[in-house]
Amino acid sequence: MGNQASNFSFDIGSEVKEFAGKSVWSLYHGTKKVDRSPVSIFKLPLRTEYGLNALKRLRTIRHPHVLAFVDGAETEESVFIVTEPVTPLELWLETKRDAIQAAEDAKGEGVDPAQLRQALGESVLWGLRCVARALHFLHDSCALVHAALSPQAVFVTESGDWRLGGFDLVSELSAEGRLHSRQRGNRLRLAESFIAPEVLRASEARVPVHAVDAYSLGVLAQHCHERLRLHTP
């Protein structure tokens with residue numbers, strides 16, 4: 001992998017293709033060189049203010065529902081963030097939806113689709129609760145706003161817990177106006193549907209920063225519901 005720090009103690013494996021093009025970051029499977037334990041490696045091919053901010057914030061913010069930081073590196077051209085091994089939320093949702101569809105296609109053989117759907121609904125509720133707790137921690141304990149919550153900022157661990165990532169725009173609550181101008185620039189490929197309409201409408205919009213993340217969380221919940229909706233004959 002080019003542009004990699006010389007003291008980078010991880011091997012970068014295959015790219016997670018399903019994440020490609022959905023974020024300014026690329027996501028790779030990786031392993032620690034010392035013990036071959038798995039990690040996820042995020043690479044930003046440009047050394048930008050946003051990438052450095054994401055590295056800084058994840059390095060210093062620790063919470064059970066925030067993406068667990070393992071290591072990071074900078075080069076003249078790239079930024080690397082190494083975390084616990086995770087799956088992008090969109091890929092996780094797609095896998096679960098396919099499992100329900102397969103159960104329905106089996107027509108009574110094997111897993112009951114209704115039970116599978118119920119279990120998945122409970123998993124999604126738990127995941128959204130994890131994200132809400134992470135946002136509450138950012139707001140109340142760190143005096144920070146996330147400002148870029150979308151499916152591309154959420155990841156799922158092997159045990160099914162959801163982690164909040166995508167910290168490119170995380171800033172102090174007092175930086176409200178600056179955050180909104182960053183969101184409007186949409187340089188991070190943010191879907192406008194996840195951005196509070198007050199931010200999109202006015203060039204100098206001022207809305208409570210907690211409300212910005214709360215709005216995005218509501219849209220995320222709706223997105224998960226719609227993403228998993230299946231046609232029932």
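Q: In this predicted model, which loop holds R36?
A: Let's start with the backbone of R36, which has a positive phi of about 65° although it is not a glycine. The hairpin where this happens has 5 residues between its strands. R36 is found in the loop between β2 and β3.

Q: Is R36 buried, partly exposed or exposed?
A: The relative accessibility of R36 is 47%. Buried would need a value under 20%, and exposed a value over 50%. R36 therefore counts as partly exposed.

Q: In which sense do β2 and β3 pair, and over how many bridges?
A: Strand β2 covers residues 26–32, while β3 covers residues 38–44. One of the contacts to look for joins L27 to its bridge partner F42 in β3. The two strands pair in the antiparallel sense over 6 bridges.

Q: Which residue of β5 is the bridge partner of I41?
A: Now follow β3 to another neighbour, strand β5, which spans residues 79–83. β3 and β5 pair in the antiparallel sense over 5 bridges. Within β5, the bridge partner of I41 is V82.

Q: Why is β3 described as largely enclosed by the rest of the structure?
A: A residue is called buried when its relative accessible area is under 20%. Strand β3 is largely enclosed because most of its residues are buried: 6 of the 7.

Q: How far apart are the end C-alpha atoms of helix α1?
A: Helix α1 runs over residues 49–60, which makes 12 residues. At 1.5 Å a residue, the helix should span 16 Å. The model agrees with this, because the end C-alpha atoms are 17 Å apart.

Q: How many disulfides are found, and is C224 buried or exposed?
A: A search of the whole structure finds 0 disulfides. C142 is partly exposed, with a relative accessible area of 26%. C224 has a relative accessibility of 0%, so C224 counts as buried.

How values were computed. Residues are numbered from 1 along each chain as its sequence is written. This is a predicted model: local features need pLDDT of at least 70, side-chain atom pairs count only at pLDDT 80 or more; totals for chains, interfaces and linings use all residues. Side-chain values use heavy atoms; hydrogens and water are left out. Buried means under 20% relative accessible area, exposed over 50%, partly exposed in between (1.4 Å probe, protein chains only). Helices (H or I, at least four residues) and strands (E, at least two) are DSSP runs, numbered from the N terminus. Two strands pair if DSSP finds at least two bridges between them. A disulfide is a pair of cysteine sulfur atoms within 2.5 Å. The expected span of a helix is 1.5 Å times one less than its number of residues.
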